[in-house]
Amino acid sequence: MITVSEVSKSYGTRVLFDNVSVKFTPGNRYGLTGPNGAGKSTFMKILTGDIEPTNRGKVSKPKKIGILRQDQFAFDEMRIIDAVMFGNATLWEALQERDKICQATDFTDEMMERLGELETTIADENGYMAEIDAAAILRGIGIPDSQHEELMKTLPNDFKFRVLLAQAVFGEPEALLLDEPTNHMDLDAIHWLEEFLHEYEGTLIVISHDRHFLNAVCTHIADIDYDTIIVYPGNYDEMVEHKNEARTTVENENKDKAKKIEQLQQFVSRFGAGQRSSQVQSRKKEMARLAPTEMKRSNIERPFIRFDQDKASGREAVTAIDLTKAFDGRVILNKINLEVMRGDKLAIIGPNGIGKTTLLNCLIGQIKQDSGSVKWGSGMNPGYYPQDYRELITPGMTAFEWLSQFDVTGTPQVVRGILGRMLFSGEESSKITDTLSGGEAARLLMAKLMLERNSVLVFDEPTNHLDLESVSALAEGLNAFTGTVIVVSHDRDLISEVATRILSMTPDGPVDFHGSYEEYLEIHPLPEREKKSKW
């Protein structure tokens, strides 16, 4: 169990949460939610002990906790399988000390006694199955046996992150603290993680912007809002329903109270100076009792995302014929043929490294294909949202100044209107681009696409830095868009709500499916991944 007692955290005058007391019990899986900037990662770091609360609040937690670390380079000189076993500190230290003793040429009685103690510790920690268990986890997250003995530095950064996830869940921790575990994971790996966490019997606290993941995994939601943390039973969608119902109930009660107070006030005003003083005093007491319940302002805000196009375009959006691209002798795209029509909403899915981003970059001309051709249809002007979108945002400018560069109307009101819709109202529009959070920078680039009125929108993992409300707003905006959409994403809710066509990139070649994601899964279900046999 993890117990938080009277914990507060603030930065200057800004309060993230105040005097929070909450319990996270074993067997439950908690999603920690709230908009960007609400304090989710800050609260998680208080739980891990990486930062201290502002007041003297206390956190009690089990001895053995699995924590998803964000430093992808810390284990570069370690074998991949060793980096996983490092997650069980007690076992890892015992194994290292045992190996050191075994390398000695002369054994003393003390060394033999210590060796016996270490073997007991290793047995207690299930150390004789450690490599087998670690290998099963690595296979589950997409790292084959052939790579387990290699050094961490041989892996690309996204797979290093997966190993850190494996490290967190290894060794039967009593509690798991996972901050955005689905980042850098493809759909198959996310599916495996969901199944894996369902087997977990300890206390799980997870931060994620993936609504589908939260709905699939969580038994409770710990929501940061109203300067506190409120725990709701059920998954994310159930939490939203409970939260809305509770607020609506209070609002309706306040309306009823206001109506009753108005009636009482009329009586007091009419007879206040007359002979009915006792009745007037009674009415005044009743008015005081009926004082409306004070409602703190929620920190949840949803941007209003709507994409328009200047004019209707031709029937064909883009056509690729025999598109081929290789890097360092490795063929990434091999004679890809694709015809995207006006109005298509195409989701491109597939494992990491299969060539999804490369395909997008070839289509929009960011990189040149080795052979084959790409042809855009008449009137098609694609707008592009890349994974590394921060490179597109010039530093040293205000958000308003940067966005104004793309306003062909020359009307400041138009720019300010779009900024307001994207939650940059008032002084927020004067934020310097260097200081923008990941979510703010993502929303600013979305604002640019809204301003440009492109006929085709091309997105590469657009949900990576958006909070749940922004992801929902993006899905609504893309659904309402009458133009063409091409999107690479691992967010299943976004794909499910938007896509009318699926292009699945597989090692055997692309599968072009005309239909929704659910219809695609009926024919091509996600594979079952190997799970650890027991926690």
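Helices and strands here are DSSP runs, numbered from the N terminus; a helix (H or I) needs at least four residues and a strand (E) at least two. H5 itself takes in residues 130-140, and eight of its 11 residues are buried. Buried means under 20% relative accessible area, exposed means over 50%, and partly exposed is in between, using a 1.4 Å probe and protein chains only. Among the buried residues of H5 are Ala134, Ala135, Ala136, Ile137 and Leu138.

A word on what you're looking at: this is a predicted model, where local features need pLDDT of at least 70 and side-chain atom pairs count only at pLDDT 80 or more, while totals for chains, interfaces and linings use all residues. Residues are numbered from 1 along each chain as its sequence is written, and side-chain values use heavy atoms, with hydrogens and water left out.

Now walk off the end of H5. You come to Gly142, which has a positive phi, near 95°. Gly142 sits in the loop between H5 and H6. Is Gly142 buried or partly exposed? Its relative accessible area is 30%, so Gly142 counts as partly exposed. The C-alpha atoms of Gly142 and Asp508 are 17 Å apart, although 366 residues separate the two along the chain.

Let's zoom out. The chain has 17 helices and 18 strands, and its C-alpha trace spans about 105 × 75 × 50 Å along the principal axes. Of its 535 residues, 50% are buried. If you take the contacts with a separation of 6 or more, 69% are between residues 24 or more positions apart; a contact means heavy atoms within 4.5 Å. The chain exposes about 25600 Å², and carbon and sulfur atoms supply 48% of that. Accessible areas like this one come from the Shrake-Rupley method with a 1.4 Å probe, and for residues only the protein chains shown count as cover.

Next, the charged side chains. How many salt bridges does a search of the whole structure find? It turns up 30. To count, a side-chain nitrogen of Lys or Arg has to be within 4 Å of a carboxyl oxygen of Asp or Glu. One of these pairs is Arg162 with Asp186, at 3.2 Å from N to O. This pair links distant parts of the chain: Arg162 is in helix H6 (residues 157-169), while Asp186 is in the loop between strand E6 (175-179) and helix H7 (187-198), 24 residues apart. Arg162 and Asp186 are both buried.

Another salt bridge joins Glu469 and Arg302, with the closest N and O atoms 2.9 Å apart. Glu469 belongs to helix H15 (residues 468-480) and Arg302 to the loop between helix H10 (277-289) and strand E10 (316-327), so this pair ties together parts that are 167 residues apart in sequence. Glu469 has 15% relative accessibility and counts as buried, whereas Arg302, at 37%, is partly exposed.

Glu440 is buried at 12% relative accessibility, and Lys431 is partly exposed at 26%. Elsewhere, salt bridges with shared partners connect Arg79, Asp82, Glu131 and Glu149 into one network.

On to helix H14 (residues 438-452). Its 15 residues reach 22 Å from the first C-alpha to the last, close to the expected 21 Å; the expected span is 1.5 Å times one less than the number of residues. H14 is largely enclosed by the rest of the structure, because 14 of its 15 residues are buried. Just after H14 comes Arg453, with a positive phi of about 55°.

Finally, have a look at an open sheet of three strands, in the order E2-E1-E4 with antiparallel pairing. Two strands pair if DSSP finds at least two bridges between them. Which strands are at the edges? They are strand E2 (14-24) and strand E4 (58-60), each pairing on one side only. Three bridges join strand E1 (residues 2-11) to E4, and Ser5 has Lys58 in E4 as its bridge partner. Helix H1 (residues 40-48) packs on the sheet, touching E1, E2 and E4, and its direction makes about 130° with that of E1. For such angles, axes are lines fitted to C-alpha atoms, for helices over the stretch in contact, and the angles run from 0 to 180 degrees between N-to-C directions.
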